[in-house]
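This report takes up helix packing, ring contacts and backbone angles. Read it with the model open.

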Amino acid sequence: MPIRTVSTATVATRGWRSWSRRLARTWRRSLRFRTLAVTLGATALTITVALVWMSLAIQNDLFESRTAQIMAEAQRATASAQSTLDAAEVAGDVVAIDNLMESVRNSVQRLSSTDRIAAFRISSEPSPIAPQDFDSTGLPAELVTDQMRARVQSDDEIQWWQSVGFTTTDGGTVPGIVVGQQILLPEVGPYELYLGYDLGSESQTLQFVQITLWIVGLGLVVLIGAISWIVLRSVTEPIARAAESSSQLAAGDLEVRLRVRGEDEFAVLGRSFNAMADSIEAQIKELAELSQVQQRFVSDVSHELRTPLTTIRLASDMLNDRRDGFDPAASRAAELLHDQVHRFEVLLTDLLEISRYDAGSVQLETEPTSMTQLAEDVIASMAQLAEQHGSDVRLVAPGGYSPVEMDPRRVRRIVRNLLGNAIEHGEGRPIVVSVDSDAWAVALGVRDYGLGMRPADAERVFDRFWRADPSRRRTIGGTGLGLSIALGDARLHGGTLAVWSELGRGTNFVLTIPRRSDRPHDHSPLPVDPGEDGVLFDDLGLTQPIAVHRPSKGTS
């Protein structure tokens, strides 16, 4: 047995597609989910924008205030150092100058509260008394950029600063700033003085504020989501109950009602729905009672007319058989009486059948039947009628030989009705009866090439007692109920009866019966629309008996 290998990526892709389909289906079907998702999305977006703005505002304000504080502190320390330098008298003594420089360094460190101090001589000319440049471990010379040094060297009165990152003892980095300004050493010249300040505490404060803001924001989203869920539940549950009740009412449960509480809008909706349901129930019951009375009346009248009609039929048959001995007027009257009594009998039969359909008491008596064989039998039985009208009925049967479970009496009645209408309206032109099948259904089509009908007439062709042309004389004597009964027989089998018609091109009826009534199939083996050309007359031979290949027992 082959082993099928499915990769993890394929499974993940299928899971993602299934999850996305479920999410899309929930989005379409659930008002509560859609509203909650939109509310949470809008709330989360608003809170995120607000938190980002607040975080940036706090960060900028904290940085600017700390920078201003550092600049003021550095300015005081530098001014104090310069005052010390201006008051000192060194008289060219190297030791005195070095001691003065060290005193200035200690003073700056004390006043600026930082030990990150560096100083560099600006002039490049050699001097025997100039102290050496110095820096500290926290502020190495390479941390001060060339751009920063160039700015400090360019002006002896302005403070300059730049953001830097200081390296900690554990190898990490903390933010800070470096402030630079010139100081003037007596008898030596200007020096660049740099003070470095660690902003680690401010960074921790900012981080704490940001974390607090995000926790508060997340809590707000959850809180707003919970509140929205509670509010939506109180709002959508009455709507859901109303929708469910409406579906039950539409499905035929006329006793369903909404429970009404309070006097708000939902209470008004519930009362209006209940009033509507009461009105619909009353009207449907009234219509059902009227329908039952009508059905009972038709059935009773039809049954009551059976006995006198049988007597009249026997009398008309006797008069019709002896009409040759009558004078011409009496003979014609006997013939007309015989035809009309026959039509009256057919009308009563159709009315009884319609009343059974209306009462829902029609049942099928199915047995395996070949649609092709059934079509051949109907064509043979109506051959004389077709000959009288000059119509050539032709059978084309590429399929439909295998037996299908159907009620042969009802299907034969459908085919006789369709073929009779084709002969009636075929204008003496050929009539094509087609039979075909597939694995799901068997179909029979009856195509005539008569005058055809308008689309509006084709939509009403199955209505009771409706005729496309009321002034047209009937030669077969139909009752106007045949197609309506045929449609009912087709639906009783779980099938369909469709029609196509066009003026000047004729009419095509297609009966489709599924092989299994519990599995209706919406596709027919025969097209309802025959297309531009349809079936060409010259390609069809005269109707010939078709050998039906009957399957042996145990085969399908």
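In this predicted model, helix 2 (residues 31-87) and helix 5 (residues 200-250) have axes that come within 9 Å. The axes cross at roughly 160 degrees. An angle over 145 degrees counts as roughly antiparallel, and helix 2 and helix 5 are therefore roughly antiparallel to each other. Their crossing is right-handed. Which residue classes make up the contact of helix 2 with helix 5? It divides into 19 nonpolar, 11 polar and five charged residues.

Next, the rings. The count of aromatic pairs comes to three. Two of them are set out here.

| Pair | Centre to centre | Angle between planes | Geometry |
|---|---|---|---|
| Phe120 and Tyr194 | 5.9 Å | 50 degrees | tilted |
| Phe462 and Phe509 | 6.2 Å | 85 degrees | edge-to-face |

Phe120 and Tyr194 link distant parts of the chain. Phe120 is in strand 1 (residues 116-121), and Tyr194 is in strand 4 (residues 189-198). They are 74 residues apart. Phe120 is buried, and Tyr194 is buried too.

Why is the pair of Phe462 and Phe509 edge-to-face? Planes over 60 degrees apart count as edge-to-face; the planes of Phe462 and Phe509 stand at 85 degrees, so the pair qualifies. This pair also links distant parts of the chain, 47 residues apart. Phe462 sits in the loop between helix 11 (455-459) and helix 12 (482-492). Phe509 belongs to strand 11 (residues 506-514). Buried means under 20% relative accessible area. Phe462 has 15%, so Phe462 is buried. Phe509 has 6% relative accessibility and therefore counts as buried.

Charges also meet rings. The charged end of Arg149 sits over the ring of Phe120, 4.7 Å from its centre. Arg116 lies over the face of Phe166, at 4.5 Å from the ring centre.

Last, the backbone. Ser113 is not a glycine, yet has a positive phi of about 55 degrees. Its place is in the loop between helix 3 (94-112) and strand 1. Is Ser113 buried or exposed? Its relative accessibility is 58%, so Ser113 counts as exposed.

Glu427, a residue other than glycine, has a positive phi near 55 degrees. Glu427 is found in the loop between helix 10 (408-425) and strand 8 (431-437). Its relative accessible area is 39%, so Glu427 is partly exposed.

Terms used. Residues numbered from 1 in each chain as written. Predicted model: local features only at pLDDT ≥ 70, side-chain atom pairs only at ≥ 80, totals over all residues. Heavy atoms only, no water. Axes fitted to C-alpha atoms, helices over the stretch in contact; angles between N-to-C directions. Helix = DSSP H or I, 4+ residues; strand = E, 2+ residues; numbered from the N terminus. Parallel < 35°, antiparallel > 145°, perpendicular 65-115°, else oblique. Left-handed = near helix turned anticlockwise from the far one by under 90°. Nonpolar A, V, L, I, M, F, W, Y, C, P; charged D, E, K, R; others polar. Phe/Tyr/Trp six-rings, centres within 6.5 Å; stacked < 30°, edge-to-face > 60°. Buried < 20%, exposed > 50% of the residue type's maximum accessible area, 1.4 Å probe, protein only. Lys NZ or Arg CZ within 6 Å of the ring centre and 35° of its normal.
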